[in-house]
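Dear colleague,

I am passing on the structure we spoke about, and below it you will find my notes on what turned up. Please read them with the coordinates open beside you.

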Amino acid sequence: MKLRRSLAVAVAVAAATPVVLFSATPALAVGPSAAQTQNQPTYAELEKAAADAKKAYEEAVIAKEEGQKELEATLAALDSDEHPLKAATIAADKAAKEAADAVAAAEEAVADAKAKVETAESDAEKAAAQEALEAAEADLEKAVTAEKEAEAEAKEARTALDDARVEAFRKYSLVQDAPEKALEAKEAAEKALAAAKECVREDGLTSLAVGLPSKVVAGTTVDFTLRVTNGTERTLTVDPLVFFHADGEGSGEKSRLKVEWSNGSDWQALGGNEPEHIAHIDTMKPGGHSDVKMRMKVDSAAQAADAFALFASDAADAYNPCILGPMKRYDFELLPVGSDPGPVDDAEPGQPGKDDDTRPGAAKPGAGTGPSAQGGTSEQATASGDLATTGTSSATMPLALAATATVVLGAGAVLAVRRRRAADNN
């Protein structure tokens with residue numbers, strides 16, 4: 001299988017009104033430096049921003065739905081004859097029509113008065129007709145003035161009703177497009193958070209065995225040390241990963257290698273069939289290291305065989321919940337009980353085989369309450385200042401070993417499948 005380890009993705013946050021928008025930069029081959037992270041949002045900030053954007057989107061959807069209901073209710077109310085604005089419009093329109101009818105009647109009266117003036121024969125009749133005409137013309141002038149005033153009031157009433165409708169639409173327009181914009185921000189925030197979750201390779205985070213012999217006789221116990229060093233520029237939370245295997249051991253078979261590590265007060269045994277995270281280090285500053293005391297006892301019934309150990313470290317910091325240190329492989333020989341190995345050199349660290357360091361997922365180190373290493377020079381206090389407790393949380397359980405692969409791939413090749421942990425490091 002090809003080596004599959006995710007690369008880092010640096011993410012940046014850009015403020016936008018009314019919600020926060022996000023953008024992701026191209027993937028990096030190694031973790032960002034301390035200088036690069038100064039203006040970079042932390043993982044906790046990205047999580048909060050994503051949660052806030054999700055909440056803003058949900059609220060925008062609800063606001064639009066409520067706004068649409070309010071718009072429909074407002075328009076329905078404005079169309080009701082009982083609404084004050086609609087009632088005022090109806091009354092004003094009625095008054096304007098009555099004023100127009102009054103003008104028409106006044107015009108007709110003027111016309112009749114003019115006709116009587118023309119048909120009057122005597123001076124007295126002409127004087128009376130002229131007087132009636134002048135009165136009719138005065139009434140017409142008053143009617144025209146009243147009509148203009150009524151029309152102005154009707155126009156004002158209609159304008160008020162129209163303005164109320166426009167205001168209802170304007171108010172709805174404020175929430176109409178909000179869900180679409182909020183959805184864009186939500187998707188951008190989720191994309192930035194997903195990018196931050198991608199594993200980054202950090203070659204400066206080393207895990208090396210000190211004193212592990214290249215030959216071990218069955219029935220004997222050897223002591224050695226796992227030294228984890230933070231050669232990066234950032235403070236990390238670290239979970240060392242270890243695995244031991246002897247050729248010929250199958251899935252479920254009791255291992256001939258009993259490996260234990262010390263937490264400072266007692267010894268913790270490895271399961272033997274799968275890679276395990278041990279000695280959780282809550283805080284390791286740049287340049288710091290931690291020494292984990294280990295010992296390996298070879299079963300007295302073990303026959304001559306090749307064996308190997310894998311060491312790596314998974315870590316997290318404020319910006320990346322998944323940081324993978326390089327894996328080193330140590331090959332050593334198992335000799336039958338009673339053998340004289342002569343002078344024995346330490347096993348030399350080498351590159352893992354193509355299937356030894358298969359880490360397809362973003363393991364989340366430091367998310368649980370796993371046991372801590374003792375005796376190192378790095379800080380190992382929890383957030384409360386106490387040493388991490390002994391025990392293994394289901395959230396930090398290591399990735400199950402596909403033991404059947406050892407048979408298929410042959411001696412010296414192990415497929416270590418590492419799943420994402422249940423909890424993020426934030």
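H280 is found in the loop between β10 (276-277) and β11, where strands are DSSP runs of E of at least two residues and helices are runs of H or I of at least four, both numbered from the N terminus. The side chains of H280 and D239 are joined by a polar contact of 2.8 Å; the term stands for a pair of N or O atoms within 3.5 Å, of which, within protein, one must be able to donate a hydrogen and the other to accept it, while residues adjacent in sequence count only if both atoms are side-chain atoms. With a relative accessible area of 4%, H280 is buried (under 20% relative accessible area, with exposed meaning over 50% and partly exposed in between, for a 1.4 Å probe and protein chains only).

Please bear in mind that this is a predicted model, in which local features need pLDDT of at least 70 and side-chain atom pairs count only at pLDDT 80 or more, whereas totals for chains, interfaces and linings use all residues. Residues are numbered from 1 along each chain as its sequence is written, and side-chain values use heavy atoms, with hydrogens and water left out.

The search of the whole structure finds 1 disulfide (a pair of cysteine sulfur atoms within 2.5 Å), formed by C199 and C322 with their sulfur atoms 2.1 Å apart.

The C-alpha atoms of A318 and L236 are 8.1 Å apart in space, although the two residues are 82 apart in sequence.

Turning to the nonpolar core (a set of buried Ala, Val, Leu, Ile, Met, Phe, Trp, Tyr and Cys residues joined through side-chain atoms within 4.5 Å), the largest one has 37 residues, of which F244, L257, M294, M296, F311 and F332 touch the most other members. Among the elements that give two or more residues to this core are β4 (205-210), β6 (221-230), β8 (257-262) and β12 (289-298), while the largest share, 5 residues, comes from β7.

Aromatic pairs number 4 in the whole structure; they are rings of Phe, Tyr and Trp (its six-membered ring) with centres within 6.5 Å, and planes under 30 degrees apart count as stacked, over 60 as edge-to-face and the rest as tilted. F311 and Y330 form an edge-to-face pair, at 5.5 Å centre to centre and 80° between the planes, which links F311 in strand β13 (residues 305-316) with Y330 in strand β15 (residues 328-335), 19 residues apart. Both F311 and Y330 are buried, and together with F224 and F244 they form one aromatic cluster.

Finally, the charged end of R295 sits over the ring of W267, 4.0 Å from its centre, the criterion being NZ of Lys or CZ of Arg within 6 Å of the ring centre and within 35 degrees of the ring normal. R329 lies over the face of F308, at 4.0 Å from the ring centre.

With best regards
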